[in-house]
Amino acid sequence: LAVDGAKDWGEASRIAVGLKLVGELAPVGIGWTYPLLDEEWRCFAGYLPGALGEEDSKRFFDDVKNGTRWLQPVGSWGPLPLRTAW
């Protein structure tokens, strides 16, 4: 912890250094939402409905699904019923 009791992660907040999320740069009313917005961990997932057409969405999905090396973690009782990639 920092001297004032706040957590000290060794870097300034994104607001303090002027980093903006895409949704903050978009014109008002465009419709960005952030289902995941964790300033402390600088972890964000923005969502803009209808940003991609159906054809582009399918192509991106297929590229990730087929072009990623998916791993299956193993726990003490065997393989877990999920896949992950790093």
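**Exercise 1. Characterise the salt bridge between D62 and K58.**

Step 1. Apply the criterion: a salt bridge needs a side-chain nitrogen of Lys or Arg within 4 Å of a carboxyl oxygen of Asp or Glu. The D62 and K58 side chains meet it, with 2.8 Å from N to O.

Step 2. Helices are DSSP runs of H or I with at least four residues, strands are runs of E with at least two, and both are numbered from the N terminus.

Step 3. Classify exposure. Buried means under 20% relative accessible area, exposed means over 50%, and partly exposed lies in between (1.4 Å probe, protein chains only). D62 is partly exposed at 24%. K58 is exposed at 53%.

A note on the model and conventions: this is a predicted model, in which local features need pLDDT of at least 70 and side-chain atom pairs count only at pLDDT 80 or more, while totals for chains, interfaces and linings use all residues. Residues are numbered from 1 along each chain as its sequence is written, and side-chain values use heavy atoms, with hydrogens and water left out.

**Exercise 2. Which residues are linked with R14 in a network of salt bridges?**

Step 1. Start from the total. The structure holds four salt bridges.

Step 2. Take the R14 and E24 bridge. Its closest N and O atoms are 3.0 Å apart. R14 lies in helix α1 (residues 14-17) and E24 in helix α2 (residues 22-25), so this pair ties together parts that are ten residues apart in sequence.

Step 3. Take the E39 and R14 bridge. Here the closest N and O atoms are 2.9 Å apart. E39 lies in the loop between β1 (33-38) and β2 (43-47), and R14 in helix α1, so the pair ties together parts that are 25 residues apart in sequence.

Step 4. Join the two. R14, E24 and E39 form a network of salt bridges.

**Exercise 3. Find the aromatic pair and state its geometry.**

Step 1. A pair of aromatic rings is described by the distance of the centres and the angle of the planes.

Step 2. Set the cut-offs. Rings of Phe, Tyr and Trp (its six-membered ring) pair if their centres lie within 6.5 Å; planes under 30 degrees apart count as stacked, over 60 as edge-to-face and the rest as tilted.

Step 3. Count. The rule gives one aromatic pair. The rings of W32 and Y34 have centres 6.1 Å apart and planes at 20 degrees, so the pair is stacked.

Step 4. W32 is partly exposed at 29%. Y34 is partly exposed at 22%.

**Exercise 4. Which residue lies over the face of F60?**

Step 1. A charge sits over a ring if NZ of Lys or CZ of Arg is within 6 Å of the ring centre and within 35 degrees of the ring normal.

Step 2. R59 lies over the face of F60, at 4.7 Å from the ring centre.

**Exercise 5. Examine the loop residues R42 and G50.**

Step 1. Most residues other than glycine have a negative phi.

Step 2. Now look at R42. This residue has a positive phi of about 50 degrees although it is not a glycine. R42 is found in the loop between β1 and β2, and is partly exposed at 32%.

Step 3. Turn to G50. This residue lies in the loop between β2 and α3. G50 is exposed, at 72% relative accessibility.

**Exercise 6. How many helices and strands does the protein have, and what pattern do they follow?**

Step 1. There are three helices and four strands.

Step 2. Along the sequence the pattern reads α-α-β-β-α-β-β.
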